[in-house]
Each structure stands twice: as C-alpha cells, then as structure tokens.
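Please read the following points with the model open beside you, and look up each residue as it is named. The note begins with charged side chains and then turns to the sheet and its helices.

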Amino acid sequence: MRLHTTRSIRKIAPSFALLLHVTMIHRSLSFAMHSTNMLPTRARAAISAAPAATRAFHPQAAVTQPASRLFASVSGVSYSAESEAAPTVKLFTKEGCTLCDKVKDVLQTVREEYPHTLEQVDITDADNEVWFSKYKYDIPVLHLEDSYWIKHRMDEEDAKAGLKQAYDGEFVEQRGEPDAGAMEKKQQEREQS
C-alpha cells in the first residue's frame, strides 16, 4: 500500500508543481500588470498551456481584470492619533505586502512615544493609478505629512527620527523618491533612439 501511495504522489506531484508555479506567476503578474496584453508572452503561454484543472483556479478572464478587482482594497485609516496636531503617515501598499506589514509593526511600536495617524493607500485601487505608476516596484513607500519619507524598510530609529522631526516642524522631503513610470518612459525613449 505504501509503495502504491508513493507512486500516486509521484504522478500527482508534477501537476501540483505546475499549479503552484502558475499560481505564483499569476499572482506576481496580476499585481504588476493591468491587462493580458501587457503580460509577457511566456506568462500568457504558461497560463494557456496549463491543464484545464489549473486554469479553473485561475481563469484567463481574471488575468485581464485590474488587480484591484482581484484582491480586497487595503486603503483606509489604520489608526488615528487623539490629537489633530499629530503627524499623518501615509503607507503606500497593496494586499499581501509582507514588508508593508513589518513597517506597520514598527510604526505601531513607536505610536505611544510619537502619536501619529497611519493611513494606508492601496496602489492597486482604480483611483490610485498615479501612485501605482510611481511605486509599483517599490512598496512599501511612506510619506510623512504628504512628503516623501522612506521606502522598503524602516527600523525604530528611522521611525522615531522622522516623527520627531515632524513634531519639531523640521521634517523635509527626503531624496530618492521612486518613480517607476518615469523610469519606464526614459527606457522606452532610449530603446526608440
């Protein structure tokens, strides 16, 4: 019986591996791409060539929908400071962003010492196309008082320093704000030249 089970698993394992691979391709591309026409040819071929059972989990129609329709929006205020004078931190994020979760944890730990409001902006929402264009490869991105602050990672010292500057009225927009849309446009211009 054990040998039979092992053989069965060996027969099923490649199908499961393909399902897992297609799932990972679909999830990563659905965040970054807005339509099937923008998907790389290999990805479209992999999704089309997948067995029918695999496509049942990821129908081609779902790939053509904007990412905001596939996943729940995470936009909104996570928590508010009691004082209206407290600074507001905007976290540009999307569903499933684990680095964003780590940044939220750091901000939560400094919340008592430096009260602030945390507002999340889901870059995959239909009304946030400008933010998606700028930040699609760089989340989490944070703004402090509507000025660019930091991207990717933040530790407690970074959080405390920025919030202290905001409380003291000394915070200035930081250098290095990402803009994927502008980079892609420059790349296209170079390729056309």
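1. The structure holds seven salt bridges, a salt bridge being a side-chain nitrogen of Lys or Arg within 4 Å of a carboxyl oxygen of Asp or Glu. This is a predicted model, in which local features need pLDDT of at least 70 and side-chain atom pairs count only at pLDDT 80 or more, while totals for chains, interfaces and linings use all residues. Residues are numbered from 1 along each chain as its sequence is written, and side-chain values use heavy atoms, with hydrogens and water left out.

2. Because Asp146 lies in the loop between S4 and S5 while Lys90 lies in strand S2, the pair ties together parts that are 56 residues apart in sequence. Helices (H or I, at least four residues) and strands (E, at least two) are DSSP runs, numbered from the N terminus. Asp146 counts as exposed at 57% relative accessibility, whereas Lys90, at 23%, counts as partly exposed; buried means under 20% relative accessible area, exposed over 50%, and partly exposed in between, with a 1.4 Å probe and protein chains only.

3. Glu113, Glu156 and Lys160 are linked in a network of salt bridges. Between Glu113 and Lys160 the closest N and O atoms are 3.5 Å apart, and since Glu113 lies in the loop between H6 and S3 and Lys160 in helix H8, this pair ties together parts that are 47 residues apart in sequence. The side chains of Glu156 and Lys160 meet at 4.0 Å, N to O, and both residues lie in helix H8, four residues apart, which is about one turn of the helix.

4. An open sheet of five strands has the order S1-S3-S2-S4-S5, with mixed pairing, where two strands pair if DSSP finds at least two bridges between them. Strand S1 (76–79) and strand S5 (147–151) stand at the edges with a single partner strand each, so one side of each is left without a neighbour in the sheet. Strand S4 (residues 141–144) and S5 run antiparallel and are joined by four bridges, and Leu144 stands opposite Ser147 in S5.

5. Helix H8 (residues 156–168) lies across S2, S4 and S5, running at about 170° to S5. Contact means heavy atoms within 4.5 Å, and axes are lines fitted to C-alpha atoms, for helices over the stretch in contact, with angles running from 0 to 180 degrees between N-to-C directions.
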